[in-house]
Amino acid sequence: MNKIINALILLSLITVFCTNDRCKTNGENATAKPKPEQTSAEEKKRTNGSRLSDQQVRLILQLHNQARAEVRVAPLTWSADLAAYAQLWADHLAAYKCNIEHRPETGKFKQKFGENLFMGTANAYEVQDAVRSWLDEKSAYPGGALRPSTWQEAGHYTQVVWKNTTQVGCAEALCNGVRIVVCNYAPPGNVAGESAY
């Protein structure tokens, strides 16, 4: 009986000291070596909403807000919720098409926010290059009310600087050597007949 009690006490001690996968429980070694700390993609998603690094988030905000300052509209803030929404769509595009298209108007992936998309060779383009490509459309927007002719040529740029938009969240996904970038905006911009700023 004492042997059984001692065995249970020893097992309890091993269990207490071997939580969180920090040691082997095969009876050979009950000492734990901590694993090196790593930030998984899922942990990053919880922090900023997507798998983007904090540095990428800062660059995205900086580029957006520089363009907005040039036209005297208020800066955007980062939204983890919008970034999570963008990450879902980026992952979907990468997994099912490895191509870009805007969210549909109905269904599971229904579009609720403004959206800019980018696709480029992964080893040639970074997330910030997506924003720069949208900003390059500035010369195609003459100002004034947004019309179909200007929206087609400058719609990414006008969404970046849309006066009523206050938040942005972005994400990326990789597939077949391609980088897909999705940014979502709230409130959405590009309202026909209205001016971007």
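This report covers a pocket, a strand and some aromatic contacts.

The model is predicted: local features need pLDDT of at least 70, side-chain atom pairs count only at pLDDT 80 or more, and totals for chains, interfaces and linings use all residues. Residues are numbered from 1 along each chain as its sequence is written, and side-chain values use heavy atoms, without hydrogens and water.

**Strand E2**

Strand E2 spans 114–121. Strands are DSSP runs (E, at least two residues), and helices are runs of H or I of at least four, numbered from the N terminus. Six of the eight residues of E2 are buried (under 20% relative accessible area; exposed is over 50%, partly exposed in between; 1.4 Å probe, protein chains only). E2 pairs with strand E4 (residues 178–186) in the antiparallel sense, over eight bridges; pairing takes at least two DSSP bridges. Thr121 stands opposite Val178 in E4.

**Aromatic contacts**

The whole structure holds five aromatic pairs (ring centres of Phe, Tyr or Trp, its six-membered ring, within 6.5 Å; planes under 30 degrees apart are stacked, over 60 edge-to-face, the rest tilted). Tyr85 and Phe113 have ring centres 4.9 Å apart and planes at 85°, so this pair is edge-to-face. Tyr85 lies in helix H4 (residues 80–96) and Phe113 in the loop between H4 and E2, 28 residues apart.

| Residue | Relative accessible area | Class |
|---|---|---|
| Tyr85 | 11% | buried |
| Phe113 | 25% | partly exposed |

The charged end of Arg103 sits over the ring of Tyr85, 3.6 Å from its centre (NZ of Lys or CZ of Arg within 6 Å of the centre and within 35 degrees of the ring normal). Tyr141, Tyr157 and Tyr197 form one aromatic cluster.
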